[in-house]
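User: I would like to learn how to read the features of a protein structure, one at a time. Could you take me through what is shown here?

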Amino acid sequence: MSHPRRNGKSIVSPVRSMRFRDFEVSWASANPYLPGFCFGSADGCLLFTDEEGTRLSDKIRETSPSGEAINGVAYLPMWFAVSTRADVNLLNVLPGASKAHTAVFPAGAHGVIATRSGHFIVPLGRSGLLVVKPAANTKQSATLMSGTTPDSLLYIYSVISLNDGDREVLACAGRAGGMAAMDFTGEDGEARLSTIAFSGLDVVDICALRPDQASLAAAALDKSGTIVLSSNIRDDKRPLTLRFAAVDGIGYRVLSCRGDIYLLTSKGVYFFPKLADRFLNGELFGAVGTKVIPIPLQAIDMSLGQDRWLLVVMLDEVRRYDVQHLHHSASDFIARGKAVEQQPNTVSPRWKTRRIVQKSKQLLPSG
Amino acid sequence: MTFSMSASGFTGFCRMLTNGELRDLGTWRQQIAEFPRARARSPWHGYPIWSVRGFAPGNRRGQTMKPAKEVFVKMLAAGLINEQQKRRLWNGKHA
């Protein structure tokens, strides 16, 4: 872990701490335009850096009129969406655009993603999903997709976009409502959301297990740290539910890349080498143990940057891990006694499924 | 413990479990409750809210239901939450 390695002309350290003066980081992701990163701040600003954390420009102040902490940034060609707990902001980066700030939707969000069909999707909690398809040279509008009766409401806490080659599928972490999935064909009309849950489940995050492929495989994280693995989030009625005694703290995030899985809890990062690969290859059953590598730290968020970096937002710095290096270093961790081998406790809950209708209505930005 | 918020006109309230974790208060797993100012001699009551701005249920629909950032700063100063929990709540996330 401690030895820098050469990558082309530069020396890349597998772990790097990045700190910024006058910029309290609340969100981190890849820079969509250049190798490097995009950071959001606790007072609603954006900052772009190279891969070593060197600033590429001054911080951008006019991203959210609320000045609230940025909790998500997503990109489409020429468009940014920035979310906070107070609003969703659409920024136009078209060459020659008269102003960058195009629209503000006054709905508090838990994050924002972009889909390959060209939509921004925003989880709004109990209010449902906000869908925005930005368009140049016109007043922006958005569509709110939500249940219409009390028993059809779902708390949508995070969302990812998957595809199986033919269909685009949105998969959601729905807190006590469990995991949810629906075919996504755009912002118009009705959508049918399939949910799967069991008593006591509290799904706080969800991620793709094959983010670079046509696959509906996904992992979800329960607030207690329990992991739910599904080879097909749309159709699976009995996903695999695993609990590892080594995982401590409140579950915050789950991510997967290169066949590995990373959990973030209030107590640290937990690295599971090859867990996604082993699950999808049917190798998780029987007496074979699973390696868990705990990295104790206190963080508030975690994200992946271009399948290359794991960005951990801590209280006073962002720690950048090289996931390729981590992937190939699992045996080193084990040799140095840094890994715990555990037989996961496989939970066999009584899964309950629901199908709920989501209806659409148009929203206009404020102002 | 309560906090007067003159700007927004409400008080925030938070409870903790003995191990330092925030308790889920409502059916939607909220972790904060809002206690609006009550009229004199009226019963004082509160209800769970999320830290994100959104649509309120039932007869509170239309209210923003989002505590100001300063509420969490005061909770931190009072030792009710730690810095990690404050930053998570600022982000509109569970803590």
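Analyst: Let us begin with the contacts of a single residue, keeping in mind that this is a predicted model. Leaving aside neighbours within four places in sequence, Gln358(A) is in contact with Met145(A), Ser146(A), Gly147(A) and Ser152(A), and also with Gly189(A), Glu190(A), Ala191(A) and Leu193(A). Gln358(A) belongs to strand S32 of chain A, which covers residues 352-363.

User: Is Gln358(A) buried or exposed?

Analyst: With a relative accessibility of 3%, Gln358(A) counts as buried, since the cut-off for that word is under 20% relative accessible area. For contrast, take Pro77(A) in the loop between S7 and S8 of chain A, which is exposed, with a relative accessible area of 69%. Pro77(A) also shows how to compare sequence with space, as Pro77(A) and Val292(A) are 215 residues apart in sequence and 38 Å apart from C-alpha to C-alpha.

User: How should I read the contact between the two chains, and how many residues of chain B are in contact with chain A?

Analyst: The size of an interface is often given as the accessible area lost when the parts come together. Here 30 residues of chain B are in contact with 40 residues of chain A, and the two chains bury about 3,100 Å² between them, of which 48% is on carbon and sulfur atoms. Of the area that chain B buries against chain A, 24% is supplied by Trp28(B), Gln84(B) and Arg87(B), more than by any other three residues.

User: Which residue of chain A forms a salt bridge with Arg87(B)?

Analyst: Side chains of opposite charge can pair when their charged atoms come close. The partner of Arg87(B) is Glu24(A), and the closest N and O atoms of this pair are 3.5 Å apart.

User: What can a salt bridge inside chain A tell me about parts that are apart in sequence?

Analyst: Consider Arg19(A) and Asp316(A), whose side chains meet in a salt bridge at 3.7 Å, N to O. Arg19(A) lies in the loop between strands S3 and S4 of chain A and Asp316(A) in the loop between strands S28 and S29, so the pair ties together parts that are 297 residues apart in sequence. Arg19(A) is exposed, with a relative accessible area of 56%, and Asp316(A) is exposed as well, at 52%.

A second pair is Arg85(A) and Glu68(A), with a salt bridge of 3.1 Å, N to O. This pair links distant parts of the chain, with Arg85(A) in the loop between S8 and S9 and Glu68(A) in the loop between S6 and S7, 17 residues apart. Here both Arg85(A) and Glu68(A) are buried.

Arg210(A) lies in the loop between strands S19 and S20 of chain A and Asp277(A) in helix H1 of chain A, so parts 67 residues apart in sequence are tied together. Arg210(A) is buried, with a relative accessible area of 17%, whereas Asp277(A) is partly exposed, at 23%.

User: How do I read a helix, and which residues of H1 in chain B are buried?

Analyst: Look at which side the buried residues fall on. In helix H1 of chain B, residues 69-77, the buried residues are Lys69(B), Val71(B), Phe72(B) and Met75(B). Seen down the axis of H1(B), they fall within an arc of 160°, so they line one face of the helix. Just after H1(B), Gly79(B) takes a positive phi of about 80°.

Terms used:
Residues numbered from 1 in each chain as written. Chains lettered and ligands numbered in written order. Predicted model: local features only at pLDDT ≥ 70, side-chain atom pairs only at ≥ 80, totals over all residues. Heavy atoms only, no water. Buried < 20%, exposed > 50% of the residue type's maximum accessible area, 1.4 Å probe, protein only. Helix = DSSP H or I, 4+ residues; strand = E, 2+ residues; numbered from the N terminus. Arc of directions from axis to C-beta. Contact = heavy atoms within 4.5 Å. Buried area = accessible area lost by both parts, 1.4 Å probe. Salt bridge = Lys/Arg side-chain N within 4 Å of Asp/Glu carboxyl O.
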